[in-house]
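Here is a friendly note to read alongside the structure. Keep the viewer open and look up each residue as it comes up.

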Amino acid sequence: MGTIIEATATAVAQERSMAPGALEAVDAAARSCLDRARRTAGELDLLINVGVYHDKILSEPAFASLIQEDIGANLSQPPDAGHGTFSFDVSNGACGLLTGIQLVDGMLASGTADLGMVVASDMDPEPGVSQGFDFPAVGGAVLLSAVDSRAGFTAFRFATFPEFAELFEGYVDWHDDAGRGLAHPGRNVLTVEIAESYSARALECAESTARELAAAQALDLAEVDLLVATASVEGFADALARRLGVPGEQVASPPDGLADAHTAAPAVALESVGLPAGSTTLFVSVGAGITAAAALYRA
Amino acid sequence: MEGNGRSVNGSRHWMALEGGVDGSDRGGSYTSRFAGIGVSIPERRLSTAELMASTAHQTHIDLERLTGVRERRVVGEGEDSYTLAVDAARDALAHADCAGEDLDVLIVASITHYVGGLRMQLEPPLSVSLKEALGAQRAMSFDISNACAGMMTGVFILNDLIRQGRARRGMVVSGEYISQLGRNAAREIRTIESDQLASLTLGDAGAAAILERAPEGAPGIEVAGFTTLAEHSRLCLAFPAKEGLGASMYSDARTLQEVGIEDTVPLLREALDQAGLAFDEIDYFIPHQTSARAIQKGVKEFSESLGGAPKHVVVTVDEFGNTSSTTHFVALWKYLSEGRFAKEDRVMLLSIASGLEVGAVIFKVDQLVERYGHDH
C-alpha cells in the first residue's frame, strides 16, 4: 500500500483586509485542492494544519478545527452515522508539511483514515508591529489517499541539529512601550530572527539527511527525476541540487515572490511541476531546530 | 479494502478509531500499552480564595462553589512550559525503566510554549530541545497542538504508529504554564457572565506518557478514537494578551459544556461498542478536568443515555485545577502513585476540548501498577 498525492493547491493571501489573512489563504487552498481532486470536504477523514504564524497567533483551538469549519467538513454528527473528520495542528517549522504527510501516511496504512489533507499557511499577524517577519503570505494544501501499489511516499527521514537552534527563531514576548500611555504600557510582539549563517547550515543539514535517506533506500541520487527542496530562504533548492548532483532543470522552483515561502513551501513548489508516472521525487525540507526532513515519492 | 470510518463488518463509525473487537483489516499487528506516566507538579499552591481576592474588580463570584476548584499549582522561579515538560518526561522514563535513547518518537503536546518566563516559543518546536535534553537522539520529534486534547491526540498518533510496528516505544509530553491566563483574567473579570471565567480554573503541570509495544497477548490500549465537531470551533479562543504578559482565553463556557456533553454521548457509545464494552464495565472513568460540576453533570447524562455508570469517576480538578492538555495524565499518575488501581482494572480517558475535539482511550492498567510500587 502506498500514499499518493491526489492534488495540491496554493492560494496567495490578499492584501490585509477585514478578513483574517492566514485563515483566508489556507481555506482557499484547501477548497481548491479538493476541487482539483473532484473530492468534497465531507470525504476528509483527517485534516492536519502545519502552519506556524496564524491570525492572532492563536494557541487554542487547533487552527485546523477553524479550517474544518470553514470548508464544511463534517461539522456535526448526523443521527444516521456517516463518518467524521479529525483535525489537529502539527508544528515542526518548515518541516511541518512533510511531518504531516508522514502522519497521514501512517493513518492511511492502518486504515484509520482513507483520505487526509495537510494544509499550511503563514501570515504576519500584526503588520507594522511584528519584527523580522518576511515570509510571503501564502497557503498550501496537499491531499493524500491510499492505493494498493508500491507507488507514493516510500520512505521518510527526519533529523535534528540542536546545535543550530539559535539560527532560526520565532517567538512572542512582551515589549514595554511607555509611549502608549499608562493604560497600555506595552504589548506582546512577534519576532522572527533568521541568522545569516542559517542558509549555509541548512544546506549542510539537508544534504546529510538526503544522503542518509538515499543510502537507506539504496537510491542513486542520479535516479532522482525531481527535487522539491525548501528551507524558507531564497536559492535553497538550486544550491542543494548542486550539492546533490541533481541537474538544475529537475528542480521544482516556486514562482517569483514566493521563493522564501515558509510552511506551505513544498505545496508552492509543486504548483510549477507535474509528477509524471514512473518518476522519482526527492522532497527535502529544512527549518528551525535545525530540523531536516527528507522523503521519497514514486509517482 | 476497508477504512474511511468503516470497520470490517461494514458498519460505519463517526470517530477515527484504532483497535477494537472489529478493528480495520488494515489495522495494527501489535498492541500498544502505557509503560510509564510521569508528572511535574509545581510546589507553589494558589488557593481559589487567594486568586479571587486578587481580582481588580469586586466580582461576588464564589468560584470554588461553582467549579469545585479549591486550589491549583502555579510555577515558581525558573519554571515554565519547557521545564515542566522535561521534568515530567524524566519522571515517565524512570517509571518506564527506559532511557531517552530508547524512544523512537517524541511528541510535545503543550498549548503553552513558554520558555524562559513568558516568552512564547513558536520556532524551533519545543520537541527539538526536549529531544536533546532527554538524549532521545533516534526519536522522530515534532510538536502538536490540539487545545486541551493535545496529549490525548499524541497518544492517538503514537498508538497508531506502535500498532503498525512503525515505532516500538515513544513519548507524549506536555508542560503547561497556563496559570498566567488566570492572572490576566483576574485583572479584567467583573461578573459571573465573563467570557474569561474559565481561565480562573487553570493550573500548571507537566505530564508525560510513554507508550510501548506490548508483549504478544498482553493487554494494553483496546480502543482509541477521536473526532472534531468543528461547528463549535469558535467557542473558545486563546491568543497573546492585548493588555498584559502571556495569553488570554475567551470562551462561551456554558455552551461548550452543553454541546460537549450532548454531542459526546453517541461518540462514547461508538468507542464502547468498538471495544465490545458497556459503560458500566469501565472501572475508572477519567474525563477532562474542567470543573467538578461539569464532570458530575456529564457523567449523569452519559450514564442515563448509555444505561449504566462506570464504577469510579476520577476527579482531581479540586486540587490541581484544570491543567489543560495534561489533566488525564496527572489524574492517572495520582491514582497510580496512590495504589488505587488493580491490575485487571479497565480505564477510559475522555477528552472534550476546544475545537470541539472529542477523544477516548480505553485500556487495561495491567503492569502499570507494578511500575508504581504496587502489586494488586
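Is A:D124 buried or exposed? Keep that in mind for point 1, after two remarks on conventions. This is a predicted model, in which local features need pLDDT of at least 70 and side-chain atom pairs count only at pLDDT 80 or more, while totals for chains, interfaces and linings use all residues. Residues are numbered from 1 along each chain as its sequence is written, and chains are lettered from A and ligands numbered from 1 in the order in which they are written.

1. **A loop residue in chain A.** A:D124 is buried, with 20 other C-beta atoms within 10 Å. Here, buried means that 20 or more other C-beta atoms lie within 10 Å of a residue's own, exposed means 12 or fewer, and partly exposed is in between, with C-beta atoms placed from the backbone. A:D124 sits in the loop between β4 and β5 of chain A. Helices (H or I, at least four residues) and strands (E, at least two) are DSSP runs, numbered from the N terminus. Leaving out residues up to four places away in sequence, A:D124 touches A:S130 and A:F133. Touching, or contact, means that the C-beta atoms of two residues, placed from the backbone, lie within 7 Å. Between the C-alpha atoms of A:D124 and A:G170, which are 46 residues apart along the chain, there are 12 Å.

2. **Two domains in chain A.** Chain A is divided into domain 1 (2–149) and domain 2 (156–161 + 196–298), with bounds that come from an automatic or database domain assignment. Taken over C-alpha atoms, the centres of these two domains of chain A are 21 Å apart. Each domain gives residues to the contact: 27 residues from domain 1 of chain A and 27 residues from domain 2 of chain A. On the domain 1 side, the elements giving two or more residues are β1 (2–12), α3 (96–110), β4 (115–122) and β5 (138–147) of chain A. Of these, α3(A) gives the most, with six residues. The residues on this side of domain 1 of chain A divide into 14 nonpolar, eleven polar and two charged. In this count Ala, Val, Leu, Ile, Met, Phe, Trp, Tyr, Cys and Pro are nonpolar, Asp, Glu, Lys and Arg are charged, and the others, Gly among them, are polar.

3. **An enclosed strand.** Have a look at strand β9 (residues 226–230) of chain A: five of its five residues are buried, so it is largely enclosed by the rest of the structure. A:L226, A:V228 and A:T230 point one way from β9(A), while A:L227 and A:A229 point the other way. β9(A) pairs in the parallel sense with strand β10 (residues 280–287) of chain A, over five bridges. Two strands pair if DSSP finds at least two bridges between them. Opposite A:L227 stands A:L282 in β10(A).

4. **Where the chains meet.** The contact between the chains takes 66 residues from chain B and 59 residues from chain A. On the chain B side, the residues divide into 30 nonpolar, 19 polar and 17 charged. Strand β3 (residues 86–91) of chain A and strand β7 (residues 140–145) of chain B pair in the antiparallel sense over three bridges. A:S91 has B:D143 as its bridge partner in β7(B).

5. **A sheet in chain B.** Six strands form an open sheet with mixed pairing, in the order β1-β10-β16-β15-β13-β14 (chain B). Its edge strands, β1 (16–19) and β14 of chain B, each pair on one side only. β1(B) runs antiparallel to strand β10 (residues 221–228) of chain B over four bridges, and B:E18 has B:A224 as its bridge partner. β13(B) and β14(B) pair in the parallel sense over two bridges, with B:F285 partnered by B:V313.

6. **A helix with two sides.** Which residues of α8(B) are buried? They are B:A294, B:I295, B:G298 and B:F302. They cover an arc of only 95 degrees around the axis, which puts them on the same side of α8(B); the arc is that of the directions from the helix axis to the C-beta atoms. On the other side of α8(B), B:K300 and B:E304 are exposed. The buried residues of α8(B) pack against α7 (253–275), β13 (284–287) and β14 (312–313) of chain B. After α8(B) comes B:G307, whose phi is positive, near 70 degrees.
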